[in-house]
Amino acid sequence: MRFVILTGISGAGKSTALKMMEDMGYYCVDNLPIPLVERFFELSDTATEELQKVAVGIDVRNGQNLDEMRAVLEDLHAGGRKCEILFLDAEDAVLVKRYKETRRSHPLAHGERVDKGIGRERSRLAFLKEHADYIIDTSRLLTRELKIELEKIFVNNKEYQSLFVNILSFGFKYGIPADSDLVFDVRFLPNPYYVEGLRAKSGNDKEIQDYVLQYEEAHVFLNKLEDMLRFLIPNYIAEGKNQLVISIGCTGGKHRSVTLANELYQRLQRAAETSGEYTDPAYGLKIEHRDIEKDAKRRQEQA
């Protein structure tokens, strides 16, 4: 039997994740009263095939009973009964934005600002996050990307390291991404913006890729960066980091940064998928080009 407790911060996607797990063949129960969790586990453990894969949603809607969850987890562990905890999280700024978009009030805000409720919720759920087997930060995940991560864990049974690496290209003239963990400036490379016939193209086009990657400095940069990240990523995982944003910037975020971000993504993807002496532990991987269309939009607005 596989028994999963799905929890996390309100607005991080628990309801969506629970629906996805139902589609994956799990028997799902949302907001089960805490006093019934242990009894439901016992029932599932002795039941027919229908209850051999179970996901139970637990969150702050349980009110004061949430504190009883500590004892429930201790009892399950003491009895040798295995349950897994999936904790969904997101950055405070993202959660506030989601609440404003849906015009919902936070269950613990009590008439105050949303961020006050989020702070109280984080405090109350801290012990569940501490005991979580899987932590997924949904701040930058699309719905389909969340589904892929859940399938890795609960369908394909892949080893999950709770780190999602975001490679982000950007333009310095539009500002450094506020959520960056590591920022790299590639303006040391010649700029194809000034080459006849290349200005309108982007780093997703072969012509720009060929131009940027013809320089040895581009390959030296990629080799050194990949080597450093192969060292850093396992250490970030060991320290419990959930999300790593690697930002690569050039002037406008359209040519050089896009090309090198794409190349880095491909290298890290190969490192995560292959086996060998230098293979890093498994991690989620995503690429995003923040400013690739901004120059074109600006010209349209000025026209």
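A: Helix α1 (residues 14-23) packs against helix α6 (residues 143-154) at an angle of about 55 degrees, and their axes are 10 Å apart. Here axes are lines fitted to C-alpha atoms, for helices over the stretch in contact, and angles run from 0 to 180 degrees between N-to-C directions. Helices (H or I, at least four residues) and strands (E, at least two) are DSSP runs, numbered from the N terminus. The angle makes α1 oblique to α6; angles under 35 degrees count as roughly parallel, over 145 as roughly antiparallel, 65 to 115 as roughly perpendicular and the rest as oblique. In its crossing with α6, α1 is right-handed. A crossing is left-handed if the near helix is turned anticlockwise from the far one by less than a right angle, and right-handed if clockwise. On the α1 side the contact is made by Thr16, Ala17, Met20 and Met21, and on the α6 side by Thr143, Leu146, Lys147, Leu150 and Phe154, where contact means heavy atoms within 4.5 Å. By class, six nonpolar, two polar and one charged residues form the contact of α1 with α6. Ala, Val, Leu, Ile, Met, Phe, Trp, Tyr, Cys and Pro count as nonpolar, Asp, Glu, Lys and Arg as charged, and the others, Gly among them, as polar.

The model is predicted: local features need pLDDT of at least 70 and side-chain atom pairs count only at pLDDT 80 or more, whereas totals for chains, interfaces and linings use all residues. Residues are numbered from 1 along each chain as its sequence is written, and side-chain values use heavy atoms, with hydrogens and water left out.

A further pair consists of helix α4 (residues 92-102) and helix α5 (residues 114-130), which pack at an angle of about 125 degrees with their axes 10 Å apart. That angle makes α4 oblique to α5, and α4 passes α5 in a right-handed crossing. Asp92, Leu95, Val96 and Tyr99 of α4 meet Val114, Asp115, Ile118 and Arg122 of α5. This contact of α4 with α5 has five nonpolar, no polar and three charged residues.

Helix α2 (residues 37-45) and helix α3 (residues 69-78) cross at roughly 30 degrees, and their axes come within 10 Å. Val37, Glu38 and Phe41 of α2 make the contact with Met69, Val72, Asp75 and Leu76 of α3. These residues divide into five nonpolar, no polar and two charged.

Ser44 also lies in helix α2. Ser44 is buried, with a relative accessible area of 0%; buried means under 20% relative accessible area, exposed over 50%, partly exposed in between (1.4 Å probe, protein chains only). Not counting residues up to four places away in sequence, Ser44 touches Met1, Phe3, Leu51, Gln52 and Val54. The C-alpha atoms of Ser44 and Val54 are separated by 7.6 Å, with the two residues ten apart along the chain.

Asp295 lies in helix α10 (residues 294-302) and is buried, at a relative accessible area of 11%. Leaving aside neighbours within four places in sequence, Asp295 is in contact with Lys173, Tyr174 and Lys254.

As for the cysteines, the count comes to zero disulfides, a disulfide being a pair of cysteine sulfur atoms within 2.5 Å. Cys28 is in no disulfide, and the nearest cysteine sulfur, that of Cys83, is 15 Å away. Cys28 counts as buried at 19% relative accessibility, and Cys250 is buried with a relative accessible area of 2%.
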